[in-house]
Structures are given as structure tokens and as C-alpha cells.
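Here are some notes for a colleague who is opening this model for the first time. Please keep the sequence and the structure in view while reading.

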Amino acid sequence: MDRKSQNKFPDSKAQDDEVIYPYLEECLLNNYQRNFPLDKRPFDKIASDLSCDPVQLLSTLKKLQEEGTVSRIGPVFRPNTINKSLLAAMKVPEGKLLEIAEIINGYEEVNHNYEREHHFNLWFVVHGPDENHINNVLDEIEERTGIMLIRLPILDAYHIDLGFDLRC
Amino acid sequence: MLTIIDHSSAKMAPEKRVFSDSHLISLIQLGLPLTERPYLEIARKLGVSEHQVITRISNMIETGLIKRLGIIVRHHELGYRANAMIVWNIPDDSVHKVADLMKEYPFVTLCYRRPRRLPDWPYNLFCMIHGRDREGVISLLEDMIAVNNWQDYPYDVLFSKRRFKQRGASVRKVRVVF
């Protein structure tokens, strides 16, 4: 596995307008999930690496962001550094899932909330400045929903989200 | 509240304003602006120089606080509709060894050890696999198990169904804990 290598298509020269967008998007999405340039003009640097026009590059990124494919260009922090987070899971009766999920979504500390195929069927992540804050939120959720939850803090982070290889 | 000290500020020219990492972190968390000079735009909001912003972000990468800086994609929107959390019950004395092998697979995006919560929850190792469809994810998983002889480790596959909420982490109160 080699995710350190960058710019796997440095010589990309699109032949015509029909291939330029998908190819540019693929290069962008694959190669710039990490090591985003710290140059004063980072998009010019990328455009130069990919042999494309910087204006076109920015408009492509804006389009990808509007479509929702790109969430943002930014940092991924090491877990539990700039704030604390905790994964929690609940067994929610099928008929009450939407109602309970809405209660949980109401907390600004919650940023992920998924239904999963398991008897523990609701999984969410709570963020906060410290463990106390998070535990208070979780206690309150238990109290409001009447459902016990399990708390699953990270004990060892062997592998953090370092980007995603679209060619998998 | 602010616990990051700017050790380099002493060396800065007196006219350069000292600024807090927490303010910078909360700005870059929202995403870099898609403009020609994104770091300059952030610098203006903080009232500091573009160079200071770039240096500070670069320091955060060097110290490991920032694990990566770049495009953050949404798997589902990219066509990776099958999102599986695979949970394993691995004996405590083998868990590090297994995790070290597991994390090397390019399709494994996360690999964490978490506590068991007995009797309800026997699993202590979590990994995430994103695939285009369920069959693809199961096949990657089964290959990984076969190659490594992990057949004896109990595991469960939790595919996601509905996504009730997904957004990037945002924090008002920033605290750095090393």
C-alpha cells in the first residue's frame, strides 16, 4: 500500500473537453486528500501539477462541493486532541428509531448518527471539550430516551482516516 | 481554555500580532476558502500575516496534531454506498498484532481498539470498509480473513442503513491534549 505517493497523473493532458472534467476530478479526488499544498497559491500549484487551468480547477472544486462529493478542504485532526469524542450505541425498538434519532440529532455535540444492521442499531459520535461534558450529554440522552447506551471510547488508534483510495 | 502556547511568538517581530491556535483551528475546520489565496483570507480574519498562518498549519502537521490536510470526500456521494463497520472479538494478547496487519489494507479506512462491554458487547477491535456494494465489501473482508487465517476470531458486519446526521467535527471550545 502506498498512499504517500502523490500526483500519479502528473502528465495529464486532456485531449478535449469531453474527458477533461472527469479526469481532472479523478486526479483531484485521488491525489489531494492529503499533502494539500501549503503554498501561498495552493490551487495554482495543483493546477500546474495537473497541467490544467487554475480557474477551471477552482470551478471544478466548487462544483464538487455543491454536489456534496467534496465536504470541504481542510484538516483531519488526531482523535481526542483538539477535543474529545466518544462513540455510543443503542438498541432502539424499530418503531421508535426516527423519534430517538431526532432527539440525538438535536445535540450540537453529535456529528455522526447512523442506523446500522445489528441489534445495536443506532450509532453516534459525541464531541465535547472534555470527557465530563460528553458523559453529561450521554447521561441526558439515556434519561430522555429511557434507553441504555454503551460507551466505546478509542483505546488505541491504529489507523486514522488518511484519505480514501478511489481505485479500491 | 486556550492551552496551546505559541512558542514561536517570542521570536516574531513586535508588530506581528500573536494569535491563538484555537481561533485558527476553528477557522480551518470549516474548510479553506476556494479562492486564489485561501491562507491570506484566513490570515485577514485573524489579523495576522499569510506566512504566519501557513507556518502554523505546517507546525500542526509536523507535530501530528493534523493527520492530513486535504480534500475531505463524502463516500456515499462518490458512489461508495456500502459502508461497513466490522467489529471483532480478538484475544487481548493478539489484538495489536492483528490490528497492525489489518490497517495495512488500503480499503480499511479506520482501525481502532475499543473496550468490550460485557455481556452485551464482546467486540474489542473496529475497522471500517467502504465499498461500492455489499458483495464487494464482503468479498474484501472474506479474502482478508482467509489470507491471515483469522477464521477463529468472532466478528460481525454492521452495514449502515440510514444516515441521520453526518457533518465534520466543529468545536467552539478548543483544548489540545497531548
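1. A residue is called buried here if 20 or more other C-beta atoms lie within 10 Å of its own. By that rule, six of the eight residues of strand β1 (residues 66–73) of chain B are buried, so β1(B) is largely enclosed by the rest of the structure. Note that this is a predicted model.

2. What does β1(B) pair with? Its partner is β1(A), in the antiparallel sense, over seven bridges. One residue pair to look up is I73(A), which has I71(B) as its bridge partner.

3. For chain A, the secondary structure comes to five helices and six strands. Read from the N terminus on, the order is α-α-α-β-β-α-β-β-α-β-β. Chain A has 168 residues, of which 33% count as buried. Among the contacts in chain A with a separation of 6 or more, 59% are made by residues 24 or more positions apart.

4. The contact between the chains involves 63 residues of chain A and 66 residues of chain B. On the side of chain A, several elements give two or more residues, including α1 (17–31), α3 (54–67), α4 (97–105) and β3 (110–116). Which element gives the most to this side? That is β1(A), with eight residues. Sorted by residue class, the side of chain A that touches chain B has 32 nonpolar, 17 polar and 14 charged residues.

5. Three bridges join β6(A) to strand β3 (residues 108–113) of chain B, and the two strands run antiparallel. Within this pairing, D156(A) has R113(B) as its bridge partner.

6. The last point concerns a helix pair in chain B. Helix α1 (residues 21–29) and helix α2 (residues 38–46) of chain B pack at an angle of about 135°, with their axes 11 Å apart. That angle makes α1(B) oblique to α2(B). The crossing of the two helices is right-handed. On the α1(B) side, H23(B), L24(B), L27(B) and I28(B) make the contact, and they meet I42(B), K45(B) and L46(B) in α2(B). The residues of this contact divide into five nonpolar, one polar and one charged.

Note on methods: Residues numbered from 1 in each chain as written. Chains lettered and ligands numbered in written order. Predicted model: local features only at pLDDT ≥ 70, side-chain atom pairs only at ≥ 80, totals over all residues. Axes fitted to C-alpha atoms, helices over the stretch in contact; angles between N-to-C directions. Helix = DSSP H or I, 4+ residues; strand = E, 2+ residues; numbered from the N terminus. Parallel < 35°, antiparallel > 145°, perpendicular 65-115°, else oblique. Left-handed = near helix turned anticlockwise from the far one by under 90°. Contact = placed C-beta atoms within 7 Å. Nonpolar A, V, L, I, M, F, W, Y, C, P; charged D, E, K, R; others polar. Pairing = 2+ DSSP bridges. Buried ≥ 20, exposed ≤ 12 C-beta atoms within 10 Å, placed from the backbone.
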